[in-house]
Amino acid sequence: MAASATAAGIGAGADRRVQIRGFRGLRSRGLIPFGRPLPAPPFGSSSVIRAVSTPTKSGTAVKRSKVELFKEQSNFLRFPLNEELLSEAPNINEAATQLIKFHGSYQQTNRDERGVKSYQFMLRTKNPCGKVPNKLYLVMDDLADEFGIGTLRLTTRQTFQLHGIPKKDLKTVMSTIIKNMGSTLGACGDLNRNVLAPAAPFTKKEYVFAQETAENIATLLTPQSGAYYDLWVDGEKVMSAEPPEVVKARNDNSHGTNFPDLPEPIYGTQFLPRKFKIAVTVPKDNSVDILTNDIGVVLVSDYDGEPQGFNIYVGGGMGRTHRVETTFPRLAEPLGYVPKEDILFAIKAIVVTQRENGRRDDRKYSRMKYLISAWGIEKFRSVVEQYYGKKFEPFRELPEWEFKSYLGWHEQGDNAMFCGLNVDNGRIGGKMKKTLREVIERYNLNVRITPNQNLILCDIRRSLRRPITIALAQAGLLLPRYVDRLNLTAMACPALPLCPLAITEAERGIPDILKRVRSVFDKVGLKYNESVVIRVTGCPNGCARPYMAELGLVGDGPNSYQIWLGGTPNQTRLAKSFMDKVKIQDLEKVLEPLFYNWRIKRERHESFGDFTTRMGFDKLHELVEKWEGPEGLSSRFNLKLFVDRQTYEAVANLAKLQNKTAHQLAMEVIRNYVAAQQNGKGK
């Protein structure tokens, strides 16, 4: 079945018709003097909201959210942030807290500490395609040690996060990033976030073109008012020249998309109703979770590999709210096809449609997925076409999607190699951080961040493969064949202690969860080379995309998770909520019967997600409720591997580097040895 057909039928929200009150955008109030707020009506008052860039239409009186007023009064993201940054207080006020997100930062506190709040800031960079120049990586490494908590965090949107920055050091850190080929502008806030693309540095024409397109989209939708540079580098613009096609698309107002007299021609005074996410990829390559984005762009080439145009998906998004059934994760669905020269105009038309019509009264429903669910794809397409100025062509057929991790060594296509490294949960620290710094600096390597929280070292000479492999292995960065397959596809959000939205653990909890899942595999007779996609988040907002996992754990209380089942290994089907309020200590009571029955009842090559979908939740609940343990397996895996404590302790210490138990590492070594002997490779 073609991927386009698959996508059309798998959006859980695709056939929903959520009744969302009509909305007409926002009336522009124009510029305000620098540092001076406009008089604001009470936050509870109603005001008529009308379109900002199109002719005035009859509007419906609705309430605006508090954040909408903060944006309107901010003089394009300046006030009161500029004043709050100069105060002696360790924190900033509510309005500034919302505005600093647009500049790439969140105010946080350490929730492990009781008593007086210890305010700090998280910074997130913006790296289209996950590209990180050598110079920027080394600077980020330094900043983490000098101003942060000594670690770098790789995110699911191909960016860095720096945690623990004091307010007094914000300007120093921001300006250093800006002056060293980096940016944080638009990494957070109600605008287009980092644009994803396959991180692999292939020189194949389709990959290069897709990545260039992602970079152009990111440039098109970058804020233009200059507030970012005013605040962090005293007005000095540190920018490279923009491609002419980007400038042309941004300035074009032939279909009423722009605010020609404002410093933000696309965003206006109000920016977008909520965050906006875009990914670009090539056929088959679903390393970017293409269907989870507001816009998914897929390059279409001819038989000779020459780029012709793009398929466009719209309406994906992960966030939801517990116990509010009108909020839901949703997969993007096909919108249409555009020639390659029109892609920026089409993207702009979609963004403007969301800007003009997305909900601005209740932020729970402000993502574009809710607009499309309320309107239906046909109405949405019709409105977008008015801003685009053309009809979309029929969606081109695509092959099945595949998840690609790009771990291990690969040819780039230019006589150089790249090496993908598994970084558990994207956290780089300790010996791993030190070794990566040494390798990247010594060999002058550029790097790329993947959407699966991993790192790729690029442009490596063949002769350096062996010394780099050895150096990395000594820091626990092993080739993928030596890493538990559960770890290779697992993801978790940071959650506690710094995320204010976290209900329970994710990043700090997932290492133990994965060990326990592997132990369950051993107990029920599943082989060591078998795996499932596991994703864990500390709240329902879905930053680690748990609703696409075969097994998703979503925090719904202290030490408690909602269990989601039914995603696919190639991320093309939404999981569904299977069970609520499962305490962390009770996971085995649910997982043992599920994994045991998968082993004995699955069809040939059937993934765990496909198995749970085929069986149905009623049957699975019955299996869990009646579970009394696996039959005939009680002694099968109780083999004694260690005859002396010294050997055990040595293996246990090595296992810790890989987040494994001593038993798991010993079994892996034995299996690899046996396999090598059977393949005639033993020495």
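The lining of the second largest cavity divides into 5 nonpolar, 4 polar and 1 charged residues. Here Ala, Val, Leu, Ile, Met, Phe, Trp, Tyr, Cys and Pro count as nonpolar, Asp, Glu, Lys and Arg as charged, and the others, Gly among them, as polar. The model is predicted: local features need pLDDT of at least 70, side-chain atom pairs count only at pLDDT 80 or more, and totals for chains, interfaces and linings use all residues. Residues are numbered from 1 along each chain as its sequence is written, and side-chain values use heavy atoms, with hydrogens and water left out.

The residues that line the second largest cavity are A199, S287, F403, K404, S405, Y406, T450, P451, N452 and I456. Its volume is about 50 Å³. A cavity is a set of points, on a 1 Å grid over the protein atoms alone, where a 1.4 Å probe fits but cannot get out; a pocket is an open set with protein on both sides within 12 Å along at least five of seven lines, and lining residues have an atom within 4 Å of a point. Grid points are joined across faces, edges and corners, and a volume is the space filled by probe spheres set on the points.

Over the whole structure, the search finds 9 cavities of 30 Å³ or more. The largest cavity holds about 90 Å³ of space. It is lined by 15 residues, and V423, D424, N425, N487 and A490 lie nearest its centre. By class, this lining has 6 nonpolar, 8 polar and 1 charged residues. Helices α15 (485-489) and α16 each supply at least two residues of it, and α16 gives the most, with 3. Helices (H or I, at least four residues) and strands (E, at least two) are DSSP runs, numbered from the N terminus.

Among the open sets, the second largest pocket has a volume of about 840 Å³. Its lining comprises 25 residues, of which P128, M181, S183, T219 and S240 lie nearest the centre. Helix α7 (residues 205-220) gives the most to this lining, with 4 residues. The lining has 12 nonpolar, 8 polar and 5 charged residues.

Ring contacts come next. The structure holds 22 aromatic pairs. Rings of Phe, Tyr and Trp (its six-membered ring) pair if their centres lie within 6.5 Å; planes under 30 degrees apart count as stacked, over 60 as edge-to-face and the rest as tilted. The ring centres of F328 and Y370 are 5.2 Å apart and their planes are at 70°, so this pair is edge-to-face. F328 lies in the loop between β10 (307-314) and β11 (333-339) and Y370 in helix α11 (residues 368-375), so the pair ties together parts that are 42 residues apart in sequence. F328 and Y370 are both buried, where buried means under 20% relative accessible area, exposed over 50%, and partly exposed in between (1.4 Å probe, protein chains only).

F521 and F595 form another edge-to-face pair, with 4.9 Å from centre to centre and 80° between the planes. Because F521 lies in helix α16 (residues 510-524) and F595 in helix α17 (residues 587-601), the pair ties together parts that are 74 residues apart in sequence. F521 is buried, at a relative accessible area of 0%, and F595 counts as buried at 0%. Elsewhere, F202, Y207, Y406 and F418 form one aromatic cluster; Y406 also lines the second largest cavity.

Charges also meet rings. The charged end of R396 sits over the ring of Y337, 3.7 Å from its centre, and that of R602 over the ring of W598, 4.7 Å from its centre. A charge sits over a ring if NZ of Lys or CZ of Arg is within 6 Å of the ring centre and within 35 degrees of the ring normal.
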